[in-house]
Amino acid sequence: MQAIDPDYYKNLKMILDYNLEDIGLDLTFSTITHWFGRSQTVDLVPNGRNIPVTDKDKEKYVNLVCQHRMTTAIEMQIKAYLDGFYDLIKPKLISIFTPKELELLISGMPEIDIADLKKNTDYQGYRVADKEIVWFWNIMFSLSKSDKAAFLQFVTGSSKVPLNGFSDLQGMRGTQKFAIHKASGPTGALMSAHTCFNSLDLPTYSSEEEMKEKLLYAITEGAGSFQFS
Amino acid sequence: MQEPVINSYLCRTNMQTHYNQLRAAAQVVGDSSDDAEGSAVTSVSGAINGTPSSAVTLSTNTTELKLLRVTQTLHSLCTDPNRDQSKKNDEIPTASQELVDLLEGIDLESLWEQLNACLSIVSVLEGVTKLTEEEDKLNTDDDDDDDSNPKEGKKLQNSVAGLLTRFLPIIEAFFVVNACLLDSADEEARKGYTVEALVGGESLMKFIQTNKVLLNALLRSTPSLLDKGLRAMVHIPRCTVFLDFDVKRFWFKQQMRKLRSQASRRHGSLRLAIRRTFVFEDAYRQLSLRNADELRGRLHVTFANEEGVDAGGLSREFFGILAKEMFNPNYALFTSTEDGCTFQPNQRSSINRDHLDYFRFVGRIVGKAVADGFLLDAHFTRSLYKHMLGLKVRKSFFFLSQISHYHSTNTALSFILSRHTMTCKP
């Protein structure tokens with residue numbers, strides 16, 4: 001949400017962080033949409049404009065508002081877009097793919113320059129000479145094109161390579177280089193990623209083979225169940 | 001009036017004969033399973049000890065072929081003749097209770113067990129010869145149809161697929177028997193292809209799951225199987241999960257090619273005359289005049305005042321320009337997320353009076369590009385991809401997808417973290 005409307009995000013965060021009474025907000029389960037000068041009240045739940053929001057259920061309110069902003073408000077647009085898309089491709093045919101595969105189908109397999117990625121990587125808890133890091137890059141260079149793409153999707157949430165190379169990788173707060181953090185978990189645990197921050201939490205491993213196995217597992221098996229990004 | 005009765009009578013007698021034949025065939029295969037399948041097991045095991053080439057020469061047992069034919073015939077006999085014939089190949093066949101009972105009468109389970117044993121040996125063989133597996137993987141991962149090192153890839157693919165082909169009739173028979181919908185299952189379950197609605201049920205799923213590597217290798221070498229015996233793999237959502245991306249994409253491209261040539265025959269090609277300075281508007285206007293079927297035809301783009309025949313290059317250029325233009329803020333159609341990488345529909349797009357027509361147009365452009373295999377440098381939000389696939393977009397997903405509001409508060413951060421780790425655990 002912050003990505004789309006930072007001010008709105010700030011307001012919502014304030015609602016969550018403070019008591020409603022303290023900030024003197026009188027909210028109901030409704031929202032007002034501004035339409036170039038005109039405004040219109042929309043109920044988030046049936047008869048929502050008459051149901052006050054309390055500190056107890058304000059999370060629900062924020063959730064609903066977000067959902068409204070993210071889907072309901074663009075429902076018509078999405079529907080029109082889908083109508084056009086389905087003119088060419090029947091839903092049944094396309095539904096054999098996963099969201100990540102669909103991205104690759106539309107945009108193609110990206111050309112990923114691992115050397116460039118390596119050049120633009122920050123480390124936290126690791127040093128460049130650590131054996132885990134050496135292994136990691138060995139593995140990265142050995143990956144196939146599609147595994148590299150899967151890795152990029154795993155770490156950044158998209159298979160898009162920045163136009164000017166990885167020095168220009170964007171994150172939540174502007175430029176955010178790829179970062180490898182030392183994960184505190186036990187040796188041999190699975191790695192995890194934070195797509196908002198383009199970072200990878202890398203646990204320690206006992207061998208390069210083990211790391212490769214876990215990495216491939218994370219980027220391929222994780223892909224199906226990865227609901228977050 | 002009498003005809004249907006006679007027909008069905010004939011069917012029934014025929015079925016009886018076939019039933020007997022099937023039983024006989026199954027009996028033979030079952031009886032000789034120790035020699036037939038068993039010998040396969042031994043020769044395959046022998047192959048592990050360094051002579052893979054001998055395994056390739058294994059020929060399929062004729063009884064197995066017979067079994068496949070009989071099950072297939074039985075199935076087509078039992079299929080409701082009133083069913084729309086044109087749709088026959090597009091969906092999973094249904095099995096009447098009668099057929100299920102018939103098949104249950106024959107003990108095919110032991111045969112499937114033999115099959116499983118054979119396949120597990122084949123996978124061991126693949127696993128043991130590490131080179132094969134790695135090379136095979138290389139081949140798998142090669143995303144484009146033009147193979148970079150076709151010589152090596154093909155050779156190894158053949159050795160694996162050759163072995164598998166020997167078991168193909170039984171694998172196909174397994175799918176014929178197990179991968180069909182129960183007539184008795186309710187409409188909802190059949191529509192959703194739930195496990196309960198399938199004859200094979202969990203054992204079918206287990207089979208596919210355990211043998212997914214082999215099945216993918218098989219489909220890679222014989223893609224037409226997805227239109228025939230193994231079509232359940234693309235039609236049952238629970239099964240598609242186990243297909244590799246390249247296998248799916250190959251099948252998808254073929255379906256698209258088929259539709260395109262059908263449409264080209266019926267409506268001719270899709271000719272667009274575009275002015276360079278108004279690519280987006282010209283394309284919008286010309287596409288809005290056509291119906292969905294006309295759009296499927298082969299695309300020919302000509303740019304005004306330019307000579308050139310579109311052999312793909314001009315189309316590529318055309319899509320390249322459109323992929324940029326659709327995100328042009330002047331049209332107010334899409335907004336980018338803060339990281340500037342992905343786009344989603346702009347909720348204020350209605351400032352553009354025809355915005356819904358434009359969205360439809362953009363959807364058609366993306367669809368046309370995907371259908372014709374042109375790549376677009378356009379990345380949408382994950383939620384839009386989910387919408388396109390007809391997947392449910394969850395509330396929390398939205399909540400978190402574009403940076404949660406919570407991301408600075410501790411509770412939510414730990415929530416996000418737990419979600420992250422969750423996804424990485426098996």
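Which residues in α17(B) do V279(B), F280(B) and A283(B) in α15(B) meet? Look for F318(B), I321(B), L322(B) and E325(B); residues meet here when their C-beta atoms, placed from the backbone, lie within 7 Å.

Before the views, some housekeeping. This is a predicted model, where local features need pLDDT of at least 70, side-chain atom pairs count only at pLDDT 80 or more, and totals for chains, interfaces and linings use all residues. Residues are numbered from 1 along each chain as its sequence is written, while chains are lettered from A and ligands numbered from 1 in the order in which they are written.

**View 1. The buried side of α15(B).** In this helix (residues 279–288), V279(B), F280(B), A283(B) and Y284(B) are buried, meaning 20 or more other C-beta atoms lie within 10 Å of their own. These four sit on the same side of α15(B), because they cover an arc of only 125 degrees around the axis, judged by the directions from the helix axis to the C-beta atoms. An α-helix has 3.6 residues a turn, so residues three or four places apart point the same way.

**View 2. What covers that side.** The cover includes β3 (270–274), α17 (313–325) and α18 (355–372) of chain B. Helices (H or I, at least four residues) and strands (E, at least two) are DSSP runs, numbered from the N terminus.

**View 3. α15(B) against α17(B).** The two helices pack at an angle of about 100 degrees, with axes 9 Å apart. They are therefore roughly perpendicular (65 to 115 degrees). Their contact residues divide into 6 nonpolar, no polar and 1 charged.

Note on methods: Buried ≥ 20, exposed ≤ 12 C-beta atoms within 10 Å, placed from the backbone. Contact = placed C-beta atoms within 7 Å. Axes fitted to C-alpha atoms, helices over the stretch in contact; angles between N-to-C directions. Parallel < 35°, antiparallel > 145°, perpendicular 65-115°, else oblique. Nonpolar A, V, L, I, M, F, W, Y, C, P; charged D, E, K, R; others polar.
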